[in-house]
Amino acid sequence: MVKAIVAPSMLSSDFANLASEAQRMLNCGADWLHMDIMDGHFVPNLTLGAPVIESLRKHTKAYLDCHLMVTNPLDYVEPLGKAGASGFTFHVEASRDNWQELVQRIKSKGMKPGVSLKPGTPIEEVYPLLDGENSVELVLVMTVEPGFGGQKFMPEMMDKVRTLRKKYPSLDIEVDGGLGPSTIEAASSAGANCVVAGSSVFGAPDPAQVISLMRNSVEE
Ligand code: DX5
Ligand code: ZN
């Protein structure tokens with residue numbers, strides 16, 4: 001079976017203290033650190049890019065799970081590879097014409113390629129990216145409209161996760177948006193194994209407890 005991964009979204013952290021916030025999450029049992037890269041164009045919010053990843057990399061060896069909510073993901077491959085990103089997950093809506101070249105370039109930079117889809121995008125759109133030669137190794141199913149933390153989980157997205165899990169038993173299937181103690185069960189029982197969580201982890205009095213609760217739910 002697939003491994004349980006809990007990835008706190010650093011979007012909910014104090015950006016002015018990113019290195020210590022990252023270390024705090026790792027001390028609380030985080031497996032990966034989820035880094036939301038937004039360009040103010042693909043989504044109506046602007047966050048961080050390669051320079052911040054490069055700075056953070058100097059403070060941690062952790063797996064940096066980069067989620068690219070950008071219109072031109074190809075432009076980010078080289079800089080993020082150099083900066084020390086570990087995973088590079090782009091949106092299928094932003095790569096309809098060039099996903100093969102994109103996946104090839106991501107792999108050549110030593111990063112793990114992943115594809116994400118917005119709530120309105122049907123799951124069938126990612127099938128070609130999973131079956132060919134240049135296939136992705138992770139699918140990130142958005143459970144909110146990308147752009148902001150703290151939104152409500154969309155349970156209807158679990159049909160996508162179930163369908164995907166049936167077709168690909170060993171694929172890394174990640175969910176992102178509104179995940180926490182009250183929604184994790186829906187996601188883990190549908191077959192998600194990588195869980196991104198921002199506000200539920202950073203807002204908790206005991207983040208370690210929330211992280212372990214979510215991991216246990218996937219492992220059950
Ligand atoms: C939203 C981002 C998420 C966000 C999740 O576009 O992709 O990673 O930080 O935050 P929560 O867990 O608060 O919904
Ligand atoms: Zn994200």
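Start by selecting helix 2 and helix 3, and turn the view until you see one pass the other: the crossing is right-handed. Helix 2 covers residues 50–57, and helix 3 covers residues 74–83. Keep in mind that you're looking at a predicted model.

How far apart are the axes of these two helices? They sit 8 Å apart, and the helices pack at an angle of about 15°. Angles under 35 degrees count as roughly parallel, so helix 2 is roughly parallel to helix 3.

Next, show the side chains where the two meet. On helix 2, pick Ala-50, Ile-53, Glu-54 and Arg-57. Across from them, on helix 3, pick Tyr-76, Pro-79, Leu-80 and Ala-83.

Now jump to ligand 1. How many residues surround it? There are 22 of them, and the closest are Ser-9, Leu-11, Gly-149, Gly-198 and Ser-199. Keep your class colours on here: the shell has 13 polar, seven nonpolar and two charged residues.

Last stop: colour the protein chain by pLDDT. Its mean is 98, and 100% of the residues reach 70 or more. For the model, the scores are ipTM 0.99 and pTM 0.98.

Methods:
Residues numbered from 1 in each chain as written. Chains lettered and ligands numbered in written order. Predicted model: local features only at pLDDT ≥ 70, side-chain atom pairs only at ≥ 80, totals over all residues. Axes fitted to C-alpha atoms, helices over the stretch in contact; angles between N-to-C directions. Helix = DSSP H or I, 4+ residues; strand = E, 2+ residues; numbered from the N terminus. Parallel < 35°, antiparallel > 145°, perpendicular 65-115°, else oblique. Left-handed = near helix turned anticlockwise from the far one by under 90°. Contact = placed C-beta atoms within 7 Å. Near = placed C-beta within 6 Å. Nonpolar A, V, L, I, M, F, W, Y, C, P; charged D, E, K, R; others polar. pLDDT = per-residue confidence, 0-100.
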